[in-house]
Structures are given as C-alpha cells and as structure tokens.
Amino acid sequence: MIIQQFFIPGIAHSSYIVAGDRTCAIIDPARDVERYIRAAEEMGVVITHILETHLHADFISGHLDLADRTGATIYAPKSGNCAFPHSAVEEGDIIALENIRFSVIDTAGHTPEHICYIATDTARGETPVALFSGDTLFVGDVGRPDLFPGRAEELATSLYENLHTKIMTLPDECEVYPAHGMGSLCGRAMAAKRTSTIGYEKKYNYALLIKSREEFINALTSDMPAAPDHFARCSEINRKGPALMKDLPATVPVDPKAFSDTIRSNSATLLDVRSYPAFSGLHIPGSWHIDHAGNFATQAGWILPAEKEIILVAEGKAQAEEVALQLHRVGFDQVTGFLKGGMLVWGTAGLPISRVPVISPEEADRFIRGDEAVLIDVRSTEEWDAGHAAGSVHIPWHDLRTRYTELNPEKQYIVMCRGGQRASIAASILKMHGIERVMNLGGGYTAYSRAGFAP
C-alpha cells in the first residue's frame, strides 16, 4: 500500500492517493484533478475509487471531475443524500481495493454526515494501519462542530462520542491522514505537521485530552473563529454535484473599453488581485481588492458576492488564470475575463483611477494624536484580544461589508491589519461604500508595535 499526500496552501487542504499494485483510490480530491491523474500514471496504476469523507464546506470537491476523467466510482456518506451517481456508504461497509480494505465508520460531529475510512493492508495483517479522518481528527485539533446553526451542541456531543469510542480505540501506531492542516478554518488549533498517529494525538491533541464530555462541548462551541461565507455554500454545491471544470467559461483578456462597459453595467464583480502596494498606488474605482499573495481563496470565498460573474485586474495572463483556479476552488465558476494590458493600459487610456495612501507608523501616530484620523484595527477578534493600540476601533475586515454604516463618511480613517493585506481589503470595501478618505498603515500592527505605538 502506497500513500501519497497532496497539499494545497491557502485553503490548507490535504488529499490522498492510496495505491495498490494495479489500482488506486483518491480520497477527498481537490477540484483541479490533473495532479491525481498524473500521479497515478507515474505510479503505473489506474484510478478506480474516489472516496469522500463528507460534504466539504470550505472547498469544491473534484469528485465529479475525477469520475468524468477516469470512470472511477464515487463513494460518499449515505446520510449526505448526494444527488450525483455514487455508491452510498455507512458504518460497517467495506470497500476493497486489491489487498487494501477500507472500513467505514460514522463520525458525525464536524458535519452531520461525516464518515472516516480505516485502511487495513491485509497483505501484512489485520491491524488497521491508516485512518483517513477527513475533518473529524486533525493534527493537534478536531473538526469544529459549530457550522450548522442551532446544532453546535448536538454535533459536539456526537464528535466527543465518536472520537472516544471509535477513533481513540484504534492502535497507537495507526497513522492519521486528515483533510486539512494549519491555516484551515475547519478547526481552531491545527498544527503545522500534516500527518500523525493515533498515539501521538492521544498524547498531545488538546481536544482529546479533555476527558469530560461537558468540558469538551463547551470548549468546542465557545469562542470559535468566525466562519467564511462560502462555508454555507460549498457543502450544498458538493452534495448536488459541482459543474465540471471543463464546462466552465475561460478567463479571457478584455480590452479597456469593453472592460469599462462591463463595470458601468454593474453586471460583474470587479476584483483587483495585485499586491496591496500596487492597488494602493493605482486602481479602478469601485473594485474589490484581495492580494493574491495572501490567503486569497479563503478571503475571496468569505466576502465576494456569489451571484455575479467576476472580472479581474491582474499582473498578467498567468496570474489571472491562477486566480481563476483558486476562485473555482471556493465556488466561483463565472470568472470570465481580465483587463488586457493591466493598469498601465487603463491609465494611459485616461480612464478613472483611484488610490489608497500607504503611510508609516510615525505618520499614523501624528494623524491620530492630532485627532485628524481614526485608527480602525481590522484584525480578527483573537488578534485584537492578544494586543491592540489604545484608542483604536476594532471592526474585523470581513465585517466592514455591513458595519461601514457605523463610520462617518466625512472623517478620515487609517486601516490596520497585521501586515497590510487585509487592511487593503478593508480599504476597498470602505471606498466602494463612499468612505473615500482612507489610508493603509504600511506594515500593519507589526510595524506599529515595533515603532513603539502599540503593545
């Protein structure tokens, strides 16, 4: 039995190929499936099985694309009521692949329909050797049970029972292969280590060390990080079956005149994905800004309108195509075009431009002490609680979509995150809502603190 992991940064998603001598299974595939087809070819095996642990909330799965490309059978949780052709499985079912036996266990908790696959290499013996845990058990953490309104306590109870009666009874040497790592918002305290063992987790995983059911439920339902908007959309898309990638429209270059006409028609979301210094220096009025170098896919899924097509301002064709792929991963299928020639061509055409001044910590301090500007800290609640500047106003960047109404459009504002990227998102949101006098604190809270103006 050969196991190979595939990791996608940003969404911190892990998927796996599990191969025998001639055939293989793909577990929790990403939407762009070429990586699995190429890996199978290199191993000299055929993809015959596609195993889903649950209806993923944070990304669009590649199960239909992979089945379309390979003819492999999709296995998915019976209680997920999936609407596409598949083999529905539940606890007690066995999936055989040569000498590999996948035993299905129900592990509701992170989601109601969640299952895990316990792999046994029968060529070696009858002892389970690998757990494909999906989002039930991570390295250092467990799946958050608070994503379904009104069901957090119920799901946390199920998670506790399934962890203690099923997962933790596996042999200590059984390897753990989760669907996410550090950086994902499907848990709270995931470690950077991407695989583990049952014994290691029993010794070091904070959630497994909580012996009391009541304490566990309280810990897993209190003070959880905010969940992005696309978490509420992706599960249902995965249940129904996403559109095939080959059927999605291409992202094509659009000349400035046609690009301008699309903007004026208000038929598309205008998204600038260049670096935050580039956006600050020159951008198209009314554009969203999400720095491609940041946690792009999650941030885009969190705030962008789901119902419109998206047109891009990028550094070039390669960046536009990479961005389109990342947007497809979180459920945006209509990424139809990018500005041909970029902002240089737009600017020389005499079309409207805007900017966001980037200022130093010293400049920011002078504005604030002179009562000339209000400092808005757009970091997360967890970051704010760990330390913040006296007199700053806390509004997380994603909440500014609605909470901009709390601000006086006549005043001047300085937005600050940890380093500058999320503050640039915040600045773009404020400007599209008519708050024009916005500056970005270059280097963010990190620079402000090092300059002596914050703890």
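Over the ring of which residue does the charged end of Arg 194 sit? I looked this up at the outset, in what is a predicted model. The ring is that of Phe 7, and the charged end of Arg 194 lies 3.6 Å from its centre.

Arg 379 is placed over the face of Tyr 445, and I noted 3.9 Å to the ring centre.

**Aromatic pairs**

I searched the whole structure for aromatic pairs and recorded ten. One of them joins Trp 302 and Trp 397, with 5.3 Å from centre to centre and 65 degrees between the planes. I located Trp 302 in helix α9, residues 296–303. Trp 397 belongs to the loop between β20 (393–394) and α14 (400–403). The two residues are 95 apart, and I noted that their pair links distant parts of the chain. Are Trp 302 and Trp 397 buried or exposed? I found both of them buried.

I also recorded an aromatic cluster, which is formed by Tyr 16, Phe 102, Phe 132 and Tyr 177.

**Helices α1 and α2**

I next examined helix α1 (residues 34–43) against helix α2 (residues 63–70). Their axes come within 10 Å and cross at roughly 45 degrees. I therefore described α1 as oblique to α2. Which residues meet there? From α1 I listed Glu 34, Tyr 36 and Ile 37; from α2, Leu 66, Arg 69 and Thr 70. I sorted the residues of this contact into three nonpolar, two charged and one polar.

**Helix α3**

I went through helix α3, residues 152–167, for buried residues. I noted Leu 155, Ala 156, Leu 159, Tyr 160, Asn 162, Leu 163 and Ile 167. Against which elements do the buried residues of α3 pack? I recorded the strands β8 (100–106), β9 (115–121) and β10 (130–134), together with the helices α4 (198–204) and α5 (213–221).

**Val 254**

My last entry concerns Val 254, which I located in strand β13, residues 252–254.

Technical notes
Residues numbered from 1 in each chain as written. Predicted model: local features only at pLDDT ≥ 70, side-chain atom pairs only at ≥ 80, totals over all residues. Heavy atoms only, no water. Axes fitted to C-alpha atoms, helices over the stretch in contact; angles between N-to-C directions. Helix = DSSP H or I, 4+ residues; strand = E, 2+ residues; numbered from the N terminus. Parallel < 35°, antiparallel > 145°, perpendicular 65-115°, else oblique. Contact = heavy atoms within 4.5 Å. Nonpolar A, V, L, I, M, F, W, Y, C, P; charged D, E, K, R; others polar. Phe/Tyr/Trp six-rings, centres within 6.5 Å; stacked < 30°, edge-to-face > 60°. Buried < 20%, exposed > 50% of the residue type's maximum accessible area, 1.4 Å probe, protein only. Lys NZ or Arg CZ within 6 Å of the ring centre and 35° of its normal.
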